[in-house]
Amino acid sequence: MLLDLQNVTRLYGTVIGVNDITLSLANGAHGLLGPNGAGKTTLLNLITGQLSPTIGTVYVLGEPARSSPKLLQRLGYLPGSEGMYADVSAIEWVTYLTRLQGFDTSQAKRLALQALERVSLTEHMHRKISTYSRGMRQRTRLAQAIAHEPEFLILDEPFSGLDPIARHTMTTLLQQWIADGQSLLVSSHVLHEIESLTRSFLLLSGGRLLASGSTDDINTLLTNVPSELRVRVDAPRQLAAELICEALVDSVHIADDGELLMKTAASTELGKFLSRAVAENRYLVSAVRASEDSLQDVFNSLMKIHRGTA
Amino acid sequence: MPIHDAGYRAWEGPRVSEWTRWLTISSTGIRRASKSTWLKRLLFVALLPLLFFAIPFFLFEQSVRDPEIWRAFSGFTRGLPQAKQLREAIGTLPSSPTPEQFDAIRHDVWSYLLLTLMRYPQALLMVVVVGIVAPPLISQDLRTRAYLIYFARPISRLEYIAGKIGVVAFYLLSIATLPALILYVLAVMLSPSLEVILSTWDLPLRILVASVCLIVPTTLVALAFSSLTLESRYAGFGWFAMWIIGHVTYSSLIAWPSFEAARRRETFEPTWQVLTSPYQVLGAVQSYVFGFDSDPSIALRSFLLLIAVSAISLAILFRRVTAPMRV
């Protein structure tokens, strides 16, 4: 078992960091999704043993997460913050942190070299970190996380601030890590960043675990959640009337520019209806888009499910 | 044909003892600090008093054979700080002391010279060197949140603090202890015979004890300053301010009593005023360690103050290092 959390709650005074999370994860790659302030970093700090839960228990790789040096030797952690010394080179920094894992100097240097090679930084590893681009710094930080050959890699927002090329490089590196059969838990607030790595998601918001499962599971879960749809069509009034007659929408509004804005709790049926109508040439649909295009809206929908207001 | 496992394999080799991991933090910190040009210059300057203090040792040991040199030695020591302590210790000597008289005063003379080395030039250099080395040690980790990376490794908070203490202690040993020990060895070599070791064997131990009294509180206070802020410069400012304010307070407190005593042609000996200045407190304890303090109660109070300051600094340090994870 990779992770086993039982009723984990972490309070910061009167503020709830994570709230009553119970979770079991098997070995493999998992994405931790949630908007800013959702409690992702708190959860990762609980998993790495840097925080102790106010209530509940956290087991990682079968060992208690808190005060377990043996476990920390098996974990690789890339925190969301910078955490680097600017006046040293990448090879010095990674070697130093690998020595703190208990390797002697020569062994640590060998492992650091391997890790830096793996993140394609060998060419620049003797330069001071202060001269690195953000992407290079992020790769250096990844190197320190993997240098001691951990079994379980935990990454907190690894794509944050990276340009598309650096994102692609990071994605490729992590895909290779997963392909090697290693476990990974990666947090992000951007869905597509994690979709390219794993199909297993944990959705966290307001400190609560809202949903977990594959992309398909989550889509199924959201199928009948009230959602908004915008349709640009040649005969908006006629389509609106037909949708009301078919009881496919809860409300419909025709905007000044003729765009149909509708709310529906039966988005699957509505989608089928529109497809059929277009196929039969009854309407000329030029655009269909969901207004819920941000992850925050997905979380809002999930929150409604949890509150029973959906 | 054998099929090799070319996939990922976790490290299964040996690891170094967990008891020595704090040394990794220390050695890396020492190496990083040593990149400072100013620190290198200061370490070089710290060796110069050694050469200066070799002169009175040379004069003292040579004056056994030549009374002229004895007069030169007496004149030299009159110019040193707190020469009164030496006069009180060895009393009045004839203009041409005998070898027996030299043997009798050797221990006190050496103690005085070693104390003066540690108490004045090296102590002042210590303030500057610690002011350069210590401020960034913890504040930088707090600012960059490097502690998240440290503590995601099998390193406890105590080991982390021990590692940082090791950095400052190393430089203090280099500046305060090492020159004093070298000076002692030099003095033995300058003396007529190695038998002087029999009468002065305790001096290296006194140097070590005086060094501990210096290193422990100063290191902990400096690191406590470093842990209280995310900005190294504020920690440095706090460190230097502590010494300057302490010295100014002490000087102000003894100015009027000293003036009054001088008017009455008496000698004024500071008592509780010593406790207002970190420099004087350390000096009082070091003087006692070398056997020169006329009032043991001041030394005792100074010693207790150092223990209290060290304990408070350690508590602050530990609380601040664990604080990010508590919030």
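In chain A of this predicted model, strand β11 (residues 227–233) runs antiparallel to strand β13 (residues 260–264), and the two pair over five bridges. Strands here are DSSP runs of E with at least two residues, helices are runs of H or I with at least four, and both are numbered from the N terminus. Two strands pair when DSSP finds at least two bridges between them. Across this pairing, A:Val231 faces A:Leu260 of β13(A).

**The four-stranded sheet of chain A**

- β11 and β13 belong to an open, antiparallel sheet of four strands, in the order β12-β13-β11-β14 (chain A).
- At its edges stand β12 (251–254) and β14 (285–290) of chain A, each of which pairs on one side only.
- On average, neighbouring strands of this sheet are turned by 20° against each other, direction ignored; axes are lines fitted to C-alpha atoms (for helices, over the stretch in contact), and angles run from 0 to 180 degrees between N-to-C directions.
- Helix α9 (residues 236–245) of chain A packs on the sheet and touches β11, β12 and β13 of chain A; its direction makes about 175° with that of β12(A). A contact means that two residues have their C-beta atoms, placed from the backbone, within 7 Å.
- β12(A) also pairs with β13(A), in the antiparallel sense over four bridges, and A:His253 has A:Leu261 of β13(A) as its bridge partner.
- These two strands form a hairpin with five residues between them, and A:Gly258 in the turn has a positive phi of about 90°.

**The six-stranded sheet of chain A**

- Another open sheet has six strands in the order β6-β7-β8-β3-β9-β10 (chain A), and here the pairing is mixed.
- β6 (75–78) and β10 (208–214) of chain A are the edge strands with a single partner strand each, so one side of each has no neighbour in the sheet.
- Neighbouring strands of this sheet are turned by 15° against each other on average, direction ignored.
- Within the sheet, β7 (residues 152–156) and β8 (residues 183–188) of chain A pair in the parallel sense over five bridges, with A:Leu155 opposite A:Val186 in β8(A).
- Helix α1 (residues 40–47) of chain A packs on the sheet and touches β3 (29–33), β7, β8 and β9 (200–205) of chain A, its direction making about 150° with that of β7(A).
- Helix α6 (residues 164–179) of chain A lies across β3, β7 and β8 of chain A and runs at about 150° to β8(A).

**Chain A as a whole**

- Chain A holds eleven helices and 14 strands, and its C-alpha atoms fill a box of roughly 75 × 45 × 35 Å along the principal axes.
- Of its 310 residues, 42% count as buried; buried means 20 or more other C-beta atoms within 10 Å of the residue's own, exposed means 12 or fewer, and partly exposed is in between, with C-beta atoms placed from the backbone.

**Where chain A meets chain B**

- In this interface, 31 residues of chain A are in contact with 23 residues of chain B.
- On the chain A side, α2 (69–74), β6 and α3 (90–99) each supply at least two residues.
- That side of chain A divides into 13 nonpolar, eleven polar and seven charged residues. Ala, Val, Leu, Ile, Met, Phe, Trp, Tyr, Cys and Pro count as nonpolar, Asp, Glu, Lys and Arg as charged, and the others, Gly among them, as polar.

**Two places to look at in chain B**

- Helices α6 (residues 99–119) and α14 (residues 278–289) of chain B pack at an angle of about 160°, with their axes 10 Å apart.
- B:Leu115, B:Met118 and B:Arg119 of α6(B) make this contact with B:Gly283, B:Gln286 and B:Ser287 of α14(B).
- B:Ile254 sits in helix α13 (residues 232–263) of chain B, and B:Ile254 counts as buried because it has 20 C-beta neighbours inside 10 Å.
- Leaving out residues up to four places away in sequence, B:Ile254 touches B:Phe268, B:Pro270 and B:Gln273.

Methods
Residues are numbered from 1 along each chain as its sequence is written. Chains are lettered from A and ligands numbered from 1 in the order in which they are written. This is a predicted model: local features need pLDDT of at least 70, side-chain atom pairs count only at pLDDT 80 or more; totals for chains, interfaces and linings use all residues.
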